[in-house]
Structures are given as C-alpha cells and as structure tokens.
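Please examine the sequence and the three-dimensional structure shown below. The report that follows then considers selected parts in turn.

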Amino acid sequence: MNPNIEYERFTLEVFRQLSSYHHYNIKNVQHNVKLEGHSGCKHQIDVYWEYEYKGVVHRIAIECKNYNNSVSKDKVCAFHGVLSDLDNIKGIMVTKKCYQSGARKYAKQYGILLKELREPGYGETIIGEIEHNFHIEMRQTLFKVDEKWANDHNIDIEGYKERIDFISVPNTHKWRNATHIPLPFKDRLISNSKGIIITTLDLLEKKIPDHPTDDFPIVFQYDDAYLSTSWGPLKILEVMYAYQIEDRRNIISIDAEGFVKAILKDAFNDKTDLLVMRY
C-alpha cells in the first residue's frame with residue numbers, strides 16, 4: 001500500500017471532520033483531483049476541499065507532503081505556481097514534520113497556510129487538568145517507651161522504629177530518631193505494674209481539643225504505666241497527642257491517548273488547531 005496515498009486520504013478525512021466541527025456546509029471533499037488552470041494545463045491536487053461558510057464558498061487545494069524531514073522552500077514555490085494558475089483557490093500544505101525557514105517566509109508572503117498533520121507524539125494528547133488541593137489535619141497518638149525497660153525484657157524498640165520507617169509513605173526516616181512513636185496497642189487501657197487500670201486513651205482524649213491549637217503537642221507523663229501491646233505489657237513514660245498538618249496539591253492530567261487520531265498544528269505559531277477524535 002502506497003504510504004503517500006494513505007497520507008493523502010488521511011488528510012482528506014481530517015479536513016472532512018474539520019468542516020463538521022466548525023459547522024461548515026461541505027460542498028465537496030475529494031482525493032486526487034485534476035483542476036484546469038488559466039494556462040490550459042491540468043494540475044493534480046492531492047485533496048480538494050470546498051465548503052460554504054456564512055454564504056461564502058471557499059475553494060481550497062491541499063498539497064500533502066508525507067516527509068520525514070523538513071519541507072524546503074522549492075516545494076512551496078512549486079505549489080504557489082500551481083495556485084497562481086488556478087481561479088479563486090487558496091492553498092494549504094500539510095506535512096508530518098516541519099518546514100524550513102525559507103519555506104515559511106515564502107508561504108507567509110503569498111498567503112499559503114502551512115500545517116503539520118500527524119499522529120500525536122508522547123504527551124501531546126493532554127486535553128485538560130484537574131487540580132486537587134488537600135488540607136490534612138491528622139491527630140496522632142504517640143508514646144514514649146521506657147527503652148531500658150524494653151531492652152531488659154527483650155523488646156526490640158529500635159528494630160520496630162526501623163520497620164515503621166520502612167512502611168511509611170514517603171519514607172523519610174521520621175521514626176528512627178523519634179522520642180515518641182505509634183504503638184500497636186491491643187486495647188485502650190493503661191495500667192500500673194499491679195495490673196490496676198489507671199486511665200484509658202478515651203479518657204485522655206476527652207481532655208484535648210478536637211482541632212490543633214497552640215497547646216499542642218499535649219503530653220501526659222507517668223512513672224508507673226503499662227500499655228497492652230502485641231509484645232505484651234510495655235512500660236511507657238508518656239502519652240503524647242500531636243497533629244500532623246499537611247497541605248497537598250495534586251494535578252491529574254486528562255490524557256486522550258488512544259482516542260486522538262491526529263494533530264493539526266499551524267506551522268507559523270505552533271497553535272494546535274484540532275484534535276481529531278476517533279468515533
């Protein structure tokens with residue numbers, strides 16, 4: 001299959017859809033048309049596009065260059081010669097890549113539109129973005145462990161700190177050197193060395209504000225207090241309530257990759273004129 005002919009047919013379909021998007025009244029869209037000029041010579045036109053808009057009929061000759069390199073000035077000059085021989089017809093040249101500077105200057109002087117028409121590249125199919133802003137206030141219940149007591153009872157608090165650092169997102173080594181850490185408690189009871197309940201986390205939380213204030217962090221200190229954990233009773237020296245406050249900004253790009261068929265870009269200002277969608 002001839003890739004140049006396929007590119008011409010692809011161009012025809014793009015401009016047919018362009019007419020539909022802009023509500024043009026299509027008179028004619030054809031591939032490989034022969035038009036006779038003032039000289040009596042017939043000129044081959046890759047795509048002929050004729051439409052009516054606001055009562056005015058527009059006749060466009062489209063020259064397709066299925067090139068993998070930039071289009072030279074000579075190609076634009078040759079196309080201008082064809083247009084000059086035809087009656088009341090404007091010209092558009094399309095290519096997959098780009099145009100040399102001389103080609104752009106010449107086309108601009110004689111009113112020839114230069115377009116890049118191709119499949120979209122990576123990151124070119126972003127059609128919108130959604131921005132989410134989050135303000136997070138999260139209250140933390142933290143404990144200061146009597147680490148000497150823990151070591152004497154073969155409880156590896158340092159290893160536990162490393163593990164919770166490892167599973168934290170993001171991993172900032174926050175807990176490795178922290179004095180107060182979260183603990184895997186079994187219930188919300190705090191007892192003394194005799195097993196008598198001296199308070200509960202529920203009772204402590206009733207004493208603190210629901211939202212961050214200048215008083216935070218709030219600390220409750222104990223000489224003889226044990227928390228029931230997965231290791232068994234663990235001696236704690238303090239219960240601390242702190243707030244983690246964080247502002248996050250998250251941008252989600254809406255990517256139409258897989259739905260976008262082509263990009264039509266103006267070679268003079270790089271403005272994307274059209275995203276042609278598959279039906």
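## Surroundings of Ser191

Ser191 is in contact (heavy atoms within 4.5 Å) with Ile196, Ile197, Ile198, Asp224, Ala225 and Tyr226, leaving aside residues up to four places away in sequence. Ser191 belongs to strand S7, which spans residues 185-191. Helices (H or I, at least four residues) and strands (E, at least two) are DSSP runs, numbered from the N terminus. With a relative accessible area of 16%, Ser191 is buried. Buried means under 20% relative accessible area, exposed over 50%, and partly exposed in between, with a 1.4 Å probe and protein chains only.

The model is predicted: local features need pLDDT of at least 70 and side-chain atom pairs count only at pLDDT 80 or more, while totals for chains, interfaces and linings use all residues. Residues are numbered from 1 along each chain as its sequence is written, and side-chain values use heavy atoms, with hydrogens and water left out.

## Nonpolar cores

A nonpolar core is a set of buried Ala, Val, Leu, Ile, Met, Phe, Trp, Tyr and Cys residues joined through side-chain atoms within 4.5 Å. The largest one has 31 residues, of which Leu183 and Val239 touch the most other members. At least two residues of this core come from each of S6 (126-145), H4 (147-152), H5, H6 (201-205), S9 (218-221), S10 (226-229) and S11 (232-255). S11 gives the largest share, seven residues.

Which residues does Leu183 touch, not counting residues up to four places away in sequence? They are Phe143, Val145, Tyr160, Leu227, Trp231, Leu234 and Ile236.

## Helix H5

Helix H5 covers residues 157-167, and its buried residues are Ile157, Gly159, Tyr160, Lys161, Ile164 and Asp165. Where H5 starts, a side-chain oxygen of Asp156 comes to within 3.4 Å of the backbone nitrogen of Glu158.

## Strands S4 and S5

Strand S5 (residues 113-118) is largely enclosed by the rest of the structure, because five of its six residues are buried. S5 pairs with strand S4 (residues 90-95) in the parallel sense over four bridges; strands count as paired if DSSP finds at least two bridges between them. Lys115 in S5 is the bridge partner of Val94. From S4 the chain passes through helix H3 (residues 101-109) to S5 in a right-handed β-α-β crossover. Right-handed here means that, with the strands pointing away from the viewer, the path from the first strand over the helix to the second runs clockwise.

## Salt bridges

Side chains of opposite charge can pair when their charged atoms come close. A salt bridge is a side-chain nitrogen of Lys or Arg within 4 Å of a carboxyl oxygen of Asp or Glu. The whole structure contains 14 salt bridges.

One of them joins Glu6 and Arg9, at 3.5 Å from N to O. Both residues lie in helix H1 (residues 3-21), three residues apart, or about one turn of the helix. Glu6 is partly exposed at 30% relative accessible area, and Arg9 is partly exposed at 46%. Glu13 and Arg16 also form a salt bridge, with their closest N and O atoms 3.7 Å apart. Arg118 and Glu116 form another, at 4.0 Å between the closest N and O atoms, and both of these residues are buried. Salt bridges with shared partners link Arg139, Arg188, Asp202 and Glu205 into one network.

Terms used: Polar contact = N/O pair within 3.5 Å; in protein donor to acceptor, adjacent residues only side chain to side chain.
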